Amino acid sequence: MSVAFTAASPAADLEAAKKKAEICAGCHGENGISQMENVPSLAGQPDQFLQWQLVFFRAGSRKSEQMQPIVEQIDNEDIRNLGAYFASLTPPKAPPDDNPDLSKKGAQAAVGRRCANCHGDSFAGTNAVARIAGQREEYLLKALHDYKTGVRSGGGMAAMADVAYPLSEEEIIALAHYLSHL
């Protein structure tokens, strides 16, 4: 795995990645902005985070019937290039907040669970930690449920399981709503 992340690795080839990412657009959307339910937007995700997720999918430690056949065909150079490519794209624009009261509860839950400690003050992610600001609401719900139940593994699993396990359903709904509207 360390081969994908060496400091001496060559600069990413964004043109090669853009071509390789065409297959990703079917689910993750044009320019990395998903329009498909329960599929995350990749635009603006941190480069390292994206690389690690691809490595976890390729190694089989993160499971997805849709992703498995795709990641089996990519090498470390593709992973570096795709991480840099999607990180270079403009993140999705958050929809207008249609439930400010729910967002207020979500903001309180985010403070109580110290989400900003890893995801950053603006929840834009850092290094190998996901951008959750502006992510699709139903995807955030799914991810939080998957972490809570232990379905999702891979990077950050221990920290996220620790955070998600004690969340009530009301907190999960409020967090997903709040973060998706940032």
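Colleague: Which residues in H3 meet which residues in H5?

Modeller: Keep in mind that this is a predicted model. On the H3 side you have Asp47, Leu50, Gln51, Leu54, Val55 and Arg58. They meet Asn76, Ile79, Arg80, Leu82, Gly83, Ala84, Phe86 and Ala87 in H5. Sorted by class, that contact has 8 nonpolar, 3 polar and 3 charged residues.

Colleague: And at what angle do H3 and H5 pack?

Modeller: H3 covers residues 47–59 and H5 covers residues 76–88; the angle is about 140°, and the axes are 8 Å apart. Roughly antiparallel needs an angle over 145 degrees, so H3 is oblique to H5. As for handedness, H3 passes H5 in a right-handed crossing.

Colleague: How about H6 and H10: what are their angle and axis separation?

Modeller: H6 (residues 100–112) and H10 (residues 169–180) pack at about 105°, with 7 Å between their axes. The range for roughly perpendicular is 65 to 115 degrees, so that is how H6 sits relative to H10.

Colleague: Which residues make that contact between H6 and H10?

Modeller: From H6, it's Leu102, Ser103, Lys105, Gly106, Ala107, Ala109 and Ala110. H10 brings Glu170, Ile173, Ala174, Leu175, His177 and Tyr178. By class, the residues split into 8 nonpolar, 3 polar and 2 charged.

Colleague: What does the side chain of Gln53 pair with?

Modeller: Look at Arg62: a polar contact of 2.6 Å joins its side chain to that of Gln53. Leaving aside residues up to four places away in sequence, Gln53 touches Arg62 and Arg152.

Colleague: Where does Ser41 lie, and is it buried or exposed?

Modeller: Ser41 is in the loop between helix H2 (22–28) and H3. Its relative accessible area is 3%, so Ser41 is buried.

Colleague: Which backbone atom lies 2.9 Å from a polar atom of the Ser41 side chain?

Modeller: That's the backbone nitrogen of Ser34. Ser34 also turns up among the residues that Ser41 touches, along with Gly32, Ile33, Pro92, Gln135 and Arg136, again not counting residues up to four places away in sequence.

Technical notes
Residues are numbered from 1 along each chain as its sequence is written. This is a predicted model: local features need pLDDT of at least 70, side-chain atom pairs count only at pLDDT 80 or more; totals for chains, interfaces and linings use all residues. Side-chain values use heavy atoms; hydrogens and water are left out. Axes are lines fitted to C-alpha atoms, for helices over the stretch in contact, and angles run from 0 to 180 degrees between N-to-C directions. Helices (H or I, at least four residues) and strands (E, at least two) are DSSP runs, numbered from the N terminus. Angles under 35 degrees count as roughly parallel, over 145 as roughly antiparallel, 65 to 115 as roughly perpendicular and the rest as oblique. A crossing is left-handed if the near helix is turned anticlockwise from the far one by less than a right angle, and right-handed if clockwise. Contact means heavy atoms within 4.5 Å. Ala, Val, Leu, Ile, Met, Phe, Trp, Tyr, Cys and Pro count as nonpolar, Asp, Glu, Lys and Arg as charged, and the others, Gly among them, as polar. A polar contact is a pair of N or O atoms within 3.5 Å; within protein, one must be able to donate a hydrogen and the other to accept it, and residues adjacent in sequence count only if both atoms are side-chain atoms. Buried means under 20% relative accessible area, exposed over 50%, partly exposed in between (1.4 Å probe, protein chains only).
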